[in-house]
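This report describes side-chain contacts in the structure shown below.

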Amino acid sequence: MAKELALIGCGNMGGAIAQGIMGAGLVAPEDMVVSDAVEAAQQRLADKLGCMGTCDNNEAVHDARLVIIAVKPQYLDDVVRLCLPWLFAGLPYRHFEAYSFKFTKDAEMDMENDFNASLLQKVQRGVRSRKRGEPLRVIYDANMPSDLLRRVMSRLRLDRLDTTVAGGRYHNHKDFM
């Protein structure tokens, strides 16, 4: 199924992107494939555009010249895992693995003491301080190889006294709300 364009994600954003590309005449319907985990979503967009649709992202991206990823942030890691062979095409690797981790940084926001700054300015300073904050907690994929975990902890300058929690592939989704 060699196609000019593969679109992963047939929700509102993916649909708008695909319709814009088709509407501008940049890709012909027979040169585009849309993919979504939800059968009804990919079928609806494929029918609307007159292109091929699938629920198999592997099938969609295989031999595509261009891949557009239009998924919600909480599903991006799955799509990246799927696309690792294409992301690293040209390198001498045949086997790919991916593990997730998330870390929380220390970022204090002193809202009460600065009477000369507006609330917006205080929040902006607090958000900027996150870039400089020290990592406090790391949640990592329990399947991550121990040598890789040691390298991650070393790069974050964490040791056994810091809070590290082995979790699953997915961590809580509160970050996306």
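## Side-chain contacts

Asp77 and Arg81 are joined through their side chains by a salt bridge, with 3.3 Å from N to O; the term denotes a side-chain nitrogen of Lys or Arg within 4 Å of a carboxyl oxygen of Asp or Glu. The model is a predicted one, in which local features need pLDDT of at least 70 and side-chain atom pairs count only at pLDDT 80 or more, while totals for chains, interfaces and linings use all residues. Residues are numbered from 1 along each chain as its sequence is written, and side-chain values use heavy atoms, with hydrogens and water left out.

Asp77 and Arg81 stand four residues apart in helix 4 (residues 76–87), a separation of about one helical turn. Helices (H or I, at least four residues) and strands (E, at least two) are DSSP runs, numbered from the N terminus. Arg81 also forms a salt bridge with Asp78, where the closest N and O atoms are 3.9 Å apart. Arg81 and Asp78 are three residues apart in helix 4, again about one helical turn.

The structure holds three salt bridges. One of them pairs Arg65 with Glu4, whose closest N and O atoms are 2.4 Å apart. Arg65 lies in the loop between helix 3 (57–61) and strand 4 (66–69), and Glu4 in the segment before strand 1 (5–8), so the pair ties together parts that are 61 residues apart in sequence.

| Residue | Relative accessible area | Class |
|---|---|---|
| Arg65 | 66% | exposed |
| Glu4 | 32% | partly exposed |
| Asp77 | 26% | partly exposed |
| Asp78 | 28% | partly exposed |
| Arg81 | 15% | buried |

Turning to the cysteines, the whole structure contains zero disulfides, a disulfide being a pair of cysteine sulfur atoms within 2.5 Å. For Cys51, the closest cysteine sulfur is that of Cys10, at 7.8 Å, which is too far for a bond. Cys51 is buried, at 12% relative accessible area, and Cys83 is buried as well, at 7%.

Aromatic rings of Phe, Tyr and Trp (its six-membered ring) pair if their centres lie within 6.5 Å; planes under 30 degrees apart count as stacked, over 60 as edge-to-face and the rest as tilted. By this rule there is one aromatic pair. The ring centres of Phe88 and Phe96 are 6.2 Å apart and their planes meet at 20°, so the pair is stacked. Phe88 is partly exposed, at 37% relative accessibility, and Phe96 is partly exposed, at 25%.

Note on methods
Buried < 20%, exposed > 50% of the residue type's maximum accessible area, 1.4 Å probe, protein only.
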